[in-house]
Number of protein chains: 2
Amino acid sequence: MDNEVNLRVLLKSRPVGFPTEEDFQIVESSIPEPEEGEILVKVEWLSLDPYMRGRMNDAKSYASPVEIGEVMVGGAAGTVVNSRSPAFSVGDIVEGRLGWQSYALSDGSGVRKVDESLGPLQTSIGILGMPGLTAYFGFLDVCEPNPGETVVVSAASGAVGQIVGQIAKIMGCKVIGTAGSDSKVQYIVDELGFDSGINYKTQNVGEALDEECPEGIDVYFDNVGGLVTDAVMDRLNIRARIAVCGQISQYNLKEPDLAPRNFGILTRSQAKMEGFLVFAYENRYDEGLNMMAKWIKEGKLRYREDVVEGLKNAPRTFIGMLNGENFGKTLIKVSN
Amino acid sequence: MDNEVNLRVLLKSRPVGFPTEEDFQIVESSIPEPEEGEILVKVEWLSLDPYMRGRMNDAKSYASPVEIGEVMVGGAAGTVVNSRSPAFSVGDIVEGRLGWQSYALSDGSGVRKVDESLGPLQTSIGILGMPGLTAYFGFLDVCEPNPGETVVVSAASGAVGQIVGQIAKIMGCKVIGTAGSDSKVQYIVDELGFDSGINYKTQNVGEALDEECPEGIDVYFDNVGGLVTDAVMDRLNIRARIAVCGQISQYNLKEPDLAPRNFGILTRSQAKMEGFLVFAYENRYDEGLNMMAKWIKEGKLRYREDVVEGLKNAPRTFIGMLNGENFGKTLIKVSN
């Protein structure tokens, strides 16, 4: 593995439409030394997530774009191997926005020590990290589910979707997931306990929803946008709630995706559509982590990881994830 | 006026796109007699409102469509002239969904006695009726405004918009309205106290919003949809709230209005978009009516009515309102 040098994945050019491997540059440099107040982390796991596509654009968003020539942003977990910060010691196991690199310098901001008793290290950037917390607060706080309600989750086998659907089951909801292959659909139903699944690539989503939820839809947790979302919106019940978590179908378009305006549905359904970012719940992260760790230990919450070895494979793996080629939470094993 | 017979405006055909006068049929019939439990109301005022366009379609909505040959639905106010209901006496002043007709039979459901001490009779179907309550609860409850926040209201000189903007000023907000003529813009600023107005027909709304609210937009009360809404959404502040009251720009289209999907804005702004119907607040109507009556008496809340005489002019006036030709709350004076 990439232990002897610092391997870094930089943004080389801003993609137009789908990223290609040429938009990334992989460079080797010497392992850096921390300045006063800094730590050096040897990265073991890197999380790949759809939001990173947005950081590749030079566009207004909730976070600054990655500049050309900068290391790609990303949540990562590893071990402190050098510390000039009073807050961290060599040997501490940490996670934070350490980027696509095998060794990361950090001033410690946004870096937290991982409680390994909760789960394996990589869960700290997965189900017991940002993706899990996104599912937990986005579903429970934004969607305000009630027992017996019908919940639809898009990208249902993905890092966030798989957790949302299982929490919905824990809450006593009926859950339908959409995913992009029959094996993913089978997985969410057979392994995760969703009530049913829809393959949006081979089925007519509207007709399938009519069949699977004739009683209408009370809650929609949206990771994808586009035609799946259109079909759900046409079937909202009164006072339905939509959490807009992601819109991955829209991230890689060269031209805007034109669609009939449908805000009027919100009025006639008295429905609420709310966008959220997990950072808004920062002061409640412990609540979410402890609850999900408990559910995992009780066997109520399972998770699937899609692990690829080697940081050099991160660009290809990331592009594949944007294409839906991943199956579960996408992770890069950077080092041992 | 139309006192000797019962003049009724029926839906003759379902419009495709903009309604025409040929979609309505005006018929004269004898004045009906109430059955046991019914009342007969002589209508004095009829309210014309954008939602009625939706009732002309044979489409799923929050209320049933008007059937072909039925009298058009609408809020109206008048005097009970015959009663076989224990709940009403001859001479009672009432308002309710009495329809586009000069005499209305009713079983009393949804009909309320009007407290004329609050304001002139027609205000019971205007500022102190459904449009006013829509503004009151839609703005205060759905938008949850805070002092100092920037509020944008579309169709700002209309029945609902003019009230929303004034309540926003009472709440200590900065208020920008959009309207379709310079005289309407002048009215909302000079007469109603809005901070500024934008003529969406002659100005670039996005550029004008950049100029009028460089600090961004915290609250949007939307009556129109379409391009005005697009421009507002591009300028939302973090945790902005949008009340989707109406989408009048979309009601009369023969083909769907295609536009770039923009739900992703909600995520990056952590914004909420909520549709609502005033009926959800029925148990709090008295609170709204009393507060608005108080504000009117204190001179804090003004209203403008656009009155047309004669029920026969209702179709033409309604079509004009859908075109933005009205200036203030559109009312038909049916009888004295």
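This is a short tour of a two-chain model, stop by stop, for you to follow in your viewer.

**Before you start**

The model is predicted, so local features are described only where pLDDT is at least 70 and side-chain atom pairs count only at pLDDT 80 or more, while totals for chains, interfaces and linings use all residues. Residues are numbered from 1 along each chain as its sequence is written, and chains are lettered from A and ligands numbered from 1 in the order in which they are written.

**Stop 1: both chains together**

Show chains A and B in two colours. The same surface serves both copies, as 100% of the contact residues of chain B recur in chain A. Here, contact means that the C-beta atoms of two residues, placed from the backbone, lie within 7 Å.

**Stop 2: chain A alone**

How much of chain A is buried? Buried residues make up 51% of its 336 residues. A residue counts as buried with 20 or more other C-beta atoms within 10 Å of its own, exposed with 12 or fewer, and partly exposed in between, the C-beta atoms being placed from the backbone.

**Stop 3: where the chains meet**

Bring chain B back. The contact takes 30 residues from each side, chain B and chain A. On the side of chain B that touches chain A, β13 (258-260), α7 (264-269) and β14 (272-275) each supply at least two residues. The largest share, five residues, comes from α7(B). By type, this side of chain B divides into 14 nonpolar, eleven polar and five charged residues; Ala, Val, Leu, Ile, Met, Phe, Trp, Tyr, Cys and Pro count as nonpolar, Asp, Glu, Lys and Arg as charged, and the others, Gly among them, as polar.

Now select residues 258-260 in both chains. β13(A) and β13(B) pair in the antiparallel sense over three bridges, where pairing requires DSSP to find at least two bridges between the strands. The bridge partner of Leu258(A) is Pro260(B).

Move on to residues 272-275. β14(A) and β14(B) also pair in the antiparallel sense, over three bridges, and Glu274(A) stands opposite Lys272(B). In a regular strand the side chains alternate between the two faces of the sheet. Both faces of β14(B) are covered: Lys272(B) and Glu274(B) on one side and Met273(B) and Gly275(B) on the other are all buried.

Within chain B, β12 (residues 236-244) pairs with β14(B) in the parallel sense over four bridges, with Val244(B) and Gly275(B) as bridge partners. Arg239(B) is in strand β12(B), and its phi is near 60°, a positive value in a residue other than glycine.

**Stop 4: a β-α-β unit**

β15(A), helix α9(A) and β16(A) make a right-handed β-α-β unit; right-handed means that, with the strands pointing away from the viewer, the path from the first strand over the helix to the second runs clockwise. Five bridges join β15(A) (residues 305-309) to β16(A) (residues 329-333), which run parallel, and Val307(A) stands opposite Leu331(A).

Then go to α9 (residues 314-322) in chain B. Its buried residues include Phe318(B) and Ile319(B), and among the elements covering the buried residues are β1, β15 and β16 of chain B. Just after α9(B), Gly324(B) takes a positive phi of about 80°.

**Stop 5: a covered helix**

Finish at α3 (residues 161-170) of chain B, where eight of its ten residues are buried. Among them are Ile163(B), Val164(B) and Ile167(B). The buried residues of α3(B) pack against elements including β9 (174-179) and α4 (182-191) of chain B.
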